[in-house]
Amino acid sequence: MGRGKIDELAKIMKEKKIRLVIFDDEISSGQIRNIEKIIEGRVITRAELILDIFAYKARTHEAKMQVEMAKLEFSLTRLRHLWTHLEGQTGGIGVRGGAGEKQIEVDRQSIKDQIGRHRKKLDSLQKRRSIQRNLRLGFPVAAVVGYTNVGKSTLINKLSKSDLYVEDKLFATLDAMTRRTEIAPDRFVLLTDTVGFIRKFPPQLAASFRSTIEEAIEADFLIHVADATHPNLIEQIETVERFLKELGADEKKMIRVLNKMDTIKKSLEFRKRLPPGNWIPISAKTGAGIFMLKESILDML
Ligand SMILES: Nc1nc2c(ncn2[C@@H]2O[C@H](COP(=O)(O)OP(=O)(O)OP(=O)(O)O)[C@@H](O)[C@H]2O)c(=O)[nH]1
Ligand SMILES: [Mg+2]
């Protein structure tokens, strides 16, 4: 945004009494400060918003620490810009060792110390979890993956008659929970719920949650859930597939399900924008199509 656009924004904000602006992409703290001055409101970025939602939703000790780590990592990237205004007083571009520079060093070191302490604690937590995981050996495992809010937890609840936390908000699930389910008489499978993916996922969060996600998708096969009703269905599917590729899990065997079919009214129109590939239409809410999914899981087993 140039100066003219920002003035325009300031006008709209005044008219509509808006106090907060969220940028879809990352901008520097210097830019944020300057824009805030002009618009007389608060500016945050998409990454900060997602970090905040994660912080708000984190329930378990582990999730809280992972979010905390991500926030610390994030503040490191912001630090670089935070003190640049001091630079001018001591020499300017290219001159090192000014007041700002020293302050950055002090702050950076203390943040890095905190990150180090967090990492140690997280390591021991994760070790404990992998011991728990070994106890489950013997059962086939399926990881339920997908964009956030598509109904992954609802589906696991439906299949395993459990009560994982479900909510019509982003990132209801931040922990990899596993539930055992009897797909057919005496045929068991473990279903692992995972953190939902989202476009432009902040890299700090991705790094911090990486081991949880990696561990979850170390499964025997994946169940990719997509929300058939979402206007960005195809884009969401692509985002998930890109993430899986980055995690090296794109070669895994996968069952694909299109969820929330109960709310699709105009099926003809919907058929036109069906994603390519083999998708099983289901409703985790009403249970429609679940028998087909079970068949498919049995095939996989
Ligand atoms: N109409 C309809 N709504 C559904 C269906 N499945 C899930 N939902 C709703 O979609 C919302 C999100 O469901 P969740 O199970 O929390 O979704 P999730 O994929 O686990 O979401 P995150 O954990 O936040 O990534 C909830 O309001 C559910 O009630 C379905 O088949 N039909
Ligand atoms: Mg969930």
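What share of the 301 residues in the protein chain is buried? In this predicted model, buried residues make up 27% of the chain. The secondary structure consists of 11 helices and 8 strands.

**Contacts along the chain**

- Among contacts between residues at least 6 apart in sequence, 63% join residues that are at least 24 apart.

**The largest nonpolar core**

- The largest nonpolar core holds 49 residues.
- Ala142, Ala143, Val144, Ile217 and Leu222 touch the most other members of this core.
- Helix H4, which covers residues 61-82, supplies the largest share of the core, with 5 residues.
- The core lies between domain 1 (3-119) and domain 2 (138-300), because both domains give residues to it.
- Leaving aside residues up to four places away in sequence, Ala143 touches Thr192, Thr194, Ala216, Ile217, Ala219 and Leu222.
- Two of these partners of Ala143, Ile217 and Leu222, are also listed with Ala143 among the core residues that touch the most other members.

**Helix H3**

- Helix H3 runs over residues 46-57 and has 12 residues.
- At 1.5 Å a residue, helix H3 should span 16 Å, which agrees with the 16 Å between its end C-alpha atoms.
- Its buried residues are Ala47, Ile50, Leu51 and Phe54.
- Viewed down the axis of H3, these buried residues fall within an arc of 100°, so they line one face of the helix.
- An α-helix has 3.6 residues a turn, so residues three or four places apart point the same way.

How values were computed. Residues numbered from 1 in each chain as written. Chains lettered and ligands numbered in written order. Predicted model: local features only at pLDDT ≥ 70, side-chain atom pairs only at ≥ 80, totals over all residues. Core = buried A, V, L, I, M, F, W, Y, C linked by C-beta atoms within 7 Å. Buried ≥ 20, exposed ≤ 12 C-beta atoms within 10 Å, placed from the backbone. Helix = DSSP H or I, 4+ residues; strand = E, 2+ residues; numbered from the N terminus. Domains from an automatic or database assignment. Contact = placed C-beta atoms within 7 Å. Expected span 1.5 Å × (residues − 1). Arc of directions from axis to C-beta.
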